[in-house]
Amino acid sequence: SIAARGLGLVAALTALPLLLCVARGDAQGHAVLGWVPRGLLFAEVWTNDAPCAATLDECLQRLYTELVDLLTTERLARPSRASLRPRPGDGIDLGEARPWAEAIATDLVRRLPELRALVETDLQAAIEGDPAARSRAEVILCYPGFRAIGTHRIAHVLWQGGAHLVARLLTEQAHHITGIDLHPGATIGPGFFIDHGTGVVVGETAIIGARVRLYQGVTVGAR
């Protein structure tokens, strides 16, 4: 199923320590679904997380392959509101789905340096905005807001490419772990900091500028 394949992909995104080790299996991946930013964007923190069994290039290839496979499945399914099964008359075949998936996956991999730089601004905002933050590692490891924001940064790229189901899978897993609900369609500028964060909701149509700080229980985007 798309959901089951999604868990495998998120494991690949999070548990390559990262981008340095082979992805873990689904069972372990499920336990670290909210850690996309720590692994994918801050590999140096996790170099001792597991025995290194692959080069950076090999890990990127694994990430790319997993993502293409999952996106192809999403495209072929074209889920309706009522079902994950293909709708009659869609006419989607592998010849169309695969190039679409490859284009989105390629875009994400190419934008990893850009995403890393963007999440660096979020990390700096947390350190500057919270006197209790004693180190970069503490923010990366312990701050639920940072987990949610980093996950959103990646999911937003997928959302922009049209991979809406996979993007929602990522952010909903982060929501489950952190209590912070960031819709992947929301536009969020650099230097974003969520302090504590329980109950924060940012909707699809929200546009948040640069250097914004939110506290727990805040909703952005409701009419």
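Q: Hi! Does Thr 72 count as buried or exposed, and at what relative accessibility?
A: Thr 72 counts as buried, because its relative accessibility is 4%. Buried means under 20% relative accessible area, exposed means over 50%, and partly exposed lies in between, using a 1.4 Å probe and protein chains only. This is a predicted model, where local features need pLDDT of at least 70, side-chain atom pairs count only at pLDDT 80 or more, and totals for chains, interfaces and linings use all residues. Residues are numbered from 1 along each chain as its sequence is written, and side-chain values use heavy atoms, with hydrogens and water left out.

Q: Thanks! Where is Thr 72 placed, and what does it touch?
A: Thr 72 is in helix 4. Not counting residues up to four places away in sequence, Thr 72 touches Leu 94, Ala 97, Arg 98 and Ala 101, where contact means heavy atoms within 4.5 Å. The C-alpha atoms of Thr 72 and Glu 102 are separated by 8.3 Å, and these two residues are 30 residues apart along the chain.

Q: What about Gln 61: which helix is it in?
A: Gln 61 also belongs to helix 4. At 46% relative accessibility, Gln 61 counts as partly exposed.

Q: Zooming out, how many helices and strands are there?
A: The protein chain has nine helices and seven strands. Helices (H or I, at least four residues) and strands (E, at least two) are DSSP runs, numbered from the N terminus. Of the 223 residues of the chain, 48% count as buried.

Q: How many residues of helix 8 are buried?
A: For helix 8 it is 15 of the 17 residues, so this helix is largely enclosed by the rest of the structure.

Q: And what should helix 8 span at 1.5 Å a residue?
A: Helix 8 covers residues 144-160 and should span 24 Å, which agrees with its end C-alpha atoms being 24 Å apart. The expected span is 1.5 Å times one less than the number of residues. After helix 8 comes Gly 162, with a positive phi near 100°.

Q: How do helix 6 and helix 8 cross?
A: Their axes come within 10 Å and cross at roughly 155°. That makes helix 6 roughly antiparallel to helix 8. Angles under 35 degrees count as roughly parallel, over 145 as roughly antiparallel, 65 to 115 as roughly perpendicular, and the rest as oblique. Axes are lines fitted to C-alpha atoms, for helices over the stretch in contact, and angles run from 0 to 180 degrees between N-to-C directions.

Q: Which residues make that contact?
A: Helix 6 uses Leu 115, Leu 118, Val 119, Asp 122 and Leu 123, while on helix 8 the residues include Phe 146, Ile 149 and Arg 153.

Q: Switching topic, which residues touch the most other members of the largest nonpolar core?
A: Leu 71, Leu 108 and Leu 158 do, in a core of 20 residues. Helix 4, helix 5, helix 6, helix 8 and helix 9 each give two or more residues to this core. A nonpolar core is a set of buried Ala, Val, Leu, Ile, Met, Phe, Trp, Tyr and Cys residues joined through side-chain atoms within 4.5 Å.

Q: What is Leu 158 in contact with?
A: Leaving aside neighbours within four places in sequence, the contacts of Leu 158 include Leu 67, Ile 104, Leu 108 and Val 166.
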